[in-house]
Amino acid sequence: LARSTIDTARTLFVWGISLAIGWEQISPFTALEFFGFILLVLGTLIYNQIIVLKFWGMKESVDDCNEYMKKLKEGGDSDNTSLANPDEE
């Protein structure tokens, strides 16, 4: 897991404990904080490719990137042309 994912989980843990022991009270602002936190978590999970969205061509883009990374690990495609122009393969 990426560091940002672990940082997000730690933030959730600290926030949950502060609510549980009464350091922070539930209020309308808490609901806004929760919505923002969910947005932060989703963004982190999408960025780290833990969640892959299958619309707007994002799945194909991730698949292309994964194929390109495999080629690099195998020692091929050192000039970066297939990632820049995937139709020219």
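Visitor: Why does Gln25 count as exposed?

Guide: Gln25 has 58% relative accessibility, so it counts as exposed. The cut-offs are under 20% relative accessible area for buried, over 50% for exposed and partly exposed in between (1.4 Å probe, protein chains only). Before we go on: this is a predicted model, where local features need pLDDT of at least 70, side-chain atom pairs count only at pLDDT 80 or more, and totals for chains, interfaces and linings use all residues. Residues are numbered from 1 along each chain as its sequence is written, and side-chain values use heavy atoms, with hydrogens and water left out.

Visitor: Fine. Where is Gln25, and what does it touch?

Guide: Gln25 sits in the loop between H1 and H2. Skipping residues up to four places away in sequence, Gln25 touches Leu19 and Thr30; contact means heavy atoms within 4.5 Å. The side chain of Gln25 also reaches the backbone oxygen of Gly22 at 3.3 Å.

Visitor: What makes H1 and H2 roughly antiparallel?

Guide: The axes of H1 (residues 3–20) and H2 (residues 28–47) come within 10 Å and cross at roughly 160°. That angle makes H1 roughly antiparallel to H2, because the label needs over 145 degrees, while under 35 is roughly parallel, 65 to 115 roughly perpendicular and the rest oblique. The axes are lines fitted to C-alpha atoms over the stretch in contact, with angles from 0 to 180 degrees between N-to-C directions. As for handedness, H1 passes H2 in a left-handed crossing.

Visitor: Which residues make the contact?

Guide: From H1 you get Ser4, Thr5, Thr8, Thr11, Leu12, Trp15 and Leu19, and from H2 Thr30, Glu33, Phe34, Phe37, Val41, Thr44 and Leu45. By class, that's seven nonpolar, six polar and one charged. Here Ala, Val, Leu, Ile, Met, Phe, Trp, Tyr, Cys and Pro count as nonpolar, Asp, Glu, Lys and Arg as charged, and the others, Gly among them, as polar.

Visitor: Is Thr44 buried or exposed?

Guide: Thr44 has 12% relative accessibility, so it counts as buried. This H2 residue is in contact with Ser4, Thr5 and Thr8, leaving aside neighbours within four places in sequence. A polar atom of the Thr44 side chain also lies 2.9 Å from the backbone oxygen of Leu40.

Visitor: And why does Ser18 count as buried?

Guide: Its 10% relative accessibility decides it, so Ser18 is buried. Ser18 is in H1 and touches Trp23 and Glu24, not counting residues up to four places away in sequence.

Visitor: How many helices and strands are there in the chain?

Guide: Four helices and zero strands, following the pattern α-α-α-α along the sequence. Helices are DSSP runs (H or I, at least four residues), strands are E runs of at least two, and both are numbered from the N terminus. Buried residues make up 13% of the 89 residues.

Definitions and conventions. Left-handed = near helix turned anticlockwise from the far one by under 90°. Polar contact = N/O pair within 3.5 Å; in protein donor to acceptor, adjacent residues only side chain to side chain.
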